[in-house]
Amino acid sequence: VQLQASGGGLVQAGGSLRLSCTASESDLAVMDWYRQVPGSPREVVASITDGGIIAYADSVKRRFTISRDKAKNTFYLQMNNLQPDDTGVYYCHVDDASFRDYWGRGTQVTVSS
């Protein structure tokens, strides 16, 4: 599975961005967004399963929304009320139906105070 992520950028605190990740295949079991800051491991911020089960990291609850357009093989991360602590490289990640996992290239999100 190939993943193409887009939508990062520079935004002021309180602003919004939407990340998109388009997959080359549609038979996906789990779709995630991870965030990584220098010196730290990647951490999952939001997940959605093929069955529609959604989970968020506590730090992004009520601000971020993960969604999926199955017809477009694309899933999204709508990020509202962004804060400087949200700064990092965001990676999309999927598990296919056989639970093999794949990563997209990261997209930088920078939130200025």
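What we have here is a predicted model, in which local features need pLDDT of at least 70 and side-chain atom pairs count only at pLDDT 80 or more, while totals for chains, interfaces and linings use all residues. Residues are numbered from 1 along each chain as its sequence is written, and side-chain values use heavy atoms, with hydrogens and water left out.

By buried I mean under 20% relative accessible area, by exposed over 50%, and by partly exposed anything in between, with a 1.4 Å probe and protein chains only. Setting aside neighbours within four places in sequence, Ser20 is in contact with Gln4, Ala5, Ser6, Trp33, Thr74, Phe75 and Tyr76.

Which cysteines does the disulfide join? The whole structure has one disulfide, that is, a pair of cysteine sulfur atoms within 2.5 Å, and it joins Cys21 to Cys92 with an S to S distance of 2.2 Å. Cys21 sits in strand β3 and Cys92 in strand β9, 71 residues apart, and the pair thus links distant parts of the chain. Both cysteines are buried, and the link is right-handed, with 60° about the S-S bond.

Turning to charge, side chains of opposite charge can pair when their charged atoms come close. The search finds seven salt bridges, each being a side-chain nitrogen of Lys or Arg within 4 Å of a carboxyl oxygen of Asp or Glu. In one of them Arg68 pairs with Asp50, the closest N and O atoms being 2.6 Å apart. Because Arg68 lies in strand β7 and Asp50 in the loop between β5 and β6 (54–56), this pair ties together parts that are 18 residues apart in sequence. Arg68 is partly exposed at 22% relative accessibility, and Asp50 is partly exposed at 38%.

Arg63 and Asp86 form another salt bridge, with the closest N and O atoms 2.7 Å apart. This pair, too, links distant parts of the chain, with Arg63 in the loop between β6 and β7 and Asp86 in the loop between β8 and β9, 23 residues apart, and both residues are buried. A further bridge, at 3.0 Å from N to O, brings together the side chains of Asp96 and Arg100; Asp96 is buried, with a relative accessible area of 3%, whereas Arg100 is partly exposed at 48%. Through shared partners, salt bridges also join Arg35, Glu43, Arg63 and Asp86 into one network.

Now back to the cavity. On a 1 Å grid over the protein atoms alone, a cavity is a set of points where a 1.4 Å probe fits but cannot get out, and lining residues have an atom within 4 Å of a point; grid points are joined across faces, edges and corners, and a volume is the space filled by probe spheres set on the points. The largest cavity holds about 50 Å³ of space, and its lining is made up of Glu25, Ser26, Leu28, Met31, Arg68, Lys70, Asn73, Thr74 and Phe75. The elements that give two or more residues to this lining are β4 and β8.

I will finish with the backbone. Most residues other than glycine have a negative phi. Asn73, in the loop between β7 and β8, has a positive phi near 55° and is partly exposed at 24% relative accessibility. Arg62, in the loop between β6 and β7, has a positive phi of about 70° and counts as exposed at 81% relative accessibility.

Methods
Helix = DSSP H or I, 4+ residues; strand = E, 2+ residues; numbered from the N terminus. 1 Å grid on protein atoms, 1.4 Å probe; cavity = no way out; pocket = protein on both sides within 12 Å on 5 of 7 lines; lining within 4 Å. Contact = heavy atoms within 4.5 Å.
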